[in-house]
Amino acid sequence: MISTYLLIAGYFLFPVLIILVFNRHRWAQKIGTVILAYAVGIVIALLNTAFGFLPADGGAGAELLSSVQKGLMNVCVPIAIPLMLFNSDFKLWTKSLPKTLAVLVGGVLSVIIALVAGYFIFRTQDFGSTEEFKKVAVMMTGIYTGGTLNFAALGQMVQADPNTISITLAFEEIVTLPFIVFILAGGYKLFRKFLPFKDETSMDDREDSAAVAESTFENYHGMLRRKTFGRMMLGLLLSIAMLGVGVALSLLIVGKINELVVILTITTLAIIASFSRKIRELPKTFELGMFFILIFSVVVASMFDLTKIDSSSLVIMWFILFVMVTSIVLHLLFCRIFKVSGDLFTVGHISLLCSPPFVPPVVEALGNRKVLISGIAIGLVGYAIGTYLGSLFASLLGLPML
């Protein structure tokens with residue numbers, strides 16, 4: 001039981017430690033908090049596999065741990081969604097040019113085409129459960145149009161098995177991380193050669209670009225200051241209120257708490273709320289939302305069961321690799337047709353593939369602040385539409401969600 005209580009406490013403590021490391025070390029800022037959180041969870045899972053320090057199934061400690069894990073998974077994401085969308089300035093589109101829209105549309109279409117093609121190619125493989133593989137495809141729709149936030153939300157919508165979520169996210173990190181390293185190490189030069197077009201932006205002022213980056217992404221400094229903390233808590237209360245509305249609407253429509261209704265309701269309400277300047281200027285709500293996502297990431301990764309990885313599970317990895325490579329190629333061709341610059345393609349694809357917080361480090365590697373605003377805008381819209389696209393894809397695949 002002691003190990004159970006320690007792990008439960010760790011679910012809240014590890015995200016705090018990750019944030020502290022992220023604030024102080026440049027290498028951590030390049031890796032990203034979500035990847036660090038997932039790595040911590042994987043280490044916990046591997047240590048448990050090796051030494052068995054957690055209680056076995058059937059005991060009181062195991063039941064307590066399981067209930068806490070399920071509770072955190074069910075609560076963290078719905079609370080995080082509004083918090084992370086409140087600070088999103090969707091009016092950035094008024095400061096962008098049509099080519100930014102071309103990158104967004106091309107990127108989303110490329111992901112959808114790659115996912116549909118990959119699903120029909122790999123569904124015939126021996127995965128063990130056709131229903132569960134459909135859920136993998138739906139979750140990948142979210143993670144490649146917004147990141148872990150949408151992935152987690154869609155996982156709850158389709159009620160995917162926690163181990164399927166862990167395996168999918170683990171393979172996604174294995175496949176995607178080398179691509180990020182490739183970009184940061186200079187791989188973007190290849191995209192510049194294939195897309196040798198001039199950058200066009202209506203917002204190239206360095207101070208404006210820096211201000212957007214500073215105010216939009218993972219700046220955890222000052223969260224506990226009195227004035228900041230109080231207003232941040234207002235954002236939390238508003239997020240909880242939206243969750244309450246989603247639950248009430250779900251009970252009214254289907255007579256029970258349904259993840260699809262809840263997630264789509266709070267996403268829609270949060271997007272609407274973000275157009276209010278007072279709500280959009282509530283400080284550090286994005287960072288607070290990220291804190292809940294980090295808790296979710298550690299919990300899910302700690303449930304990873306290495307013994308359940310077999311040859312059939314590797315189908316997921318090949319499926320993810322196919323989707324990523326195919327979507328990149330299709331997106332490149334789309335951007336070539338519309339004469340999009342290599343740098344704009346790079347930040348746009350990274351923003352969809354990995355989520356907006358990865359944009360500033362990539363922009364720094366590119367040495368081109370002109371594409372910062374466009375990259376951010378693409379990622380913010382990805383946050384907004386990812387759950388809608390995923391739920392639509394789930395419906396087309398015949399997955400029950402209501």
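How much space lies in the largest pocket? About 870 Å³.

## The model and its overall make-up

This is a predicted model, in which local features need pLDDT of at least 70, side-chain atom pairs count only at pLDDT 80 or more, and totals for chains, interfaces and linings use all residues. Residues are numbered from 1 along each chain as its sequence is written, and side-chain values use heavy atoms, with hydrogens and water left out.

The secondary structure of the chain comes to 17 helices and 0 strands. Here helices (H or I, at least four residues) and strands (E, at least two) are DSSP runs, numbered from the N terminus. Of the 402 residues of the chain, 56% count as buried; buried means under 20% relative accessible area, exposed over 50%, and partly exposed in between (1.4 Å probe, protein chains only). Taking contacts with a separation of 6 or more, 84% join residues 24 or more positions apart, where contact means heavy atoms within 4.5 Å.

## The largest pocket

Let's return to the opening topic. On a 1 Å grid over the protein atoms alone, a pocket is an open set of points with protein on both sides within 12 Å along at least five of seven lines, while a cavity is a set where a 1.4 Å probe fits but cannot get out; lining residues have an atom within 4 Å of a point. Grid points are joined across faces, edges and corners, and a volume is the space filled by probe spheres set on the points.

The largest pocket is lined by 41 residues, and Phe22, Gln29, Pro357, Pro360 and Pro361 lie nearest its centre. By class, its lining divides into 22 nonpolar, 11 polar and 8 charged residues. In this scheme Ala, Val, Leu, Ile, Met, Phe, Trp, Tyr, Cys and Pro count as nonpolar, Asp, Glu, Lys and Arg as charged, and the others, Gly among them, as polar.

## The cavity

The count comes to 1 cavity of 30 Å³ or more, and the largest cavity has a volume of about 40 Å³. Its lining is made of Ile81, Leu85, Leu149, Asn150, Ala153, Thr267, Tyr383 and Thr387. Helix H4 (60-86), helix H7 (148-157) and helix H17 (372-396) each give two or more residues to that lining, and H7 gives the most, with 3 residues. The lining has 5 nonpolar, 3 polar and no charged residues.

## Aromatic rings

A search of the whole structure finds 10 aromatic pairs. Rings of Phe, Tyr and Trp (its six-membered ring) pair if their centres lie within 6.5 Å; planes under 30 degrees apart count as stacked, over 60 as edge-to-face and the rest as tilted. Such pairs link Tyr119, Phe120, Phe122, Phe133, Phe319 and Phe322 into a cluster.

Arg336 lies over the face of Phe194, at 5.4 Å from the ring centre. A charge sits over a ring if NZ of Lys or CZ of Arg is within 6 Å of the ring centre and within 35 degrees of the ring normal.

## Residues to look up

Gln159, in the loop between H7 and helix H8 (162-194), has a positive phi near 55° and is exposed, with a relative accessible area of 52%. Lys284, in the loop between helix H12 (277-280) and helix H13 (285-302), has a positive phi near 65° but is buried, at 16%.

Val262 is found in helix H11 (residues 259-274). Val262 counts as buried because its relative accessibility is 6%. Leaving aside neighbours within four places in sequence, Val262 is in contact with Leu243, Gly246, Val247, Ser250 and Ile257. Val262 and Leu243 are 19 residues apart in sequence and 7.0 Å apart in space, C-alpha to C-alpha.
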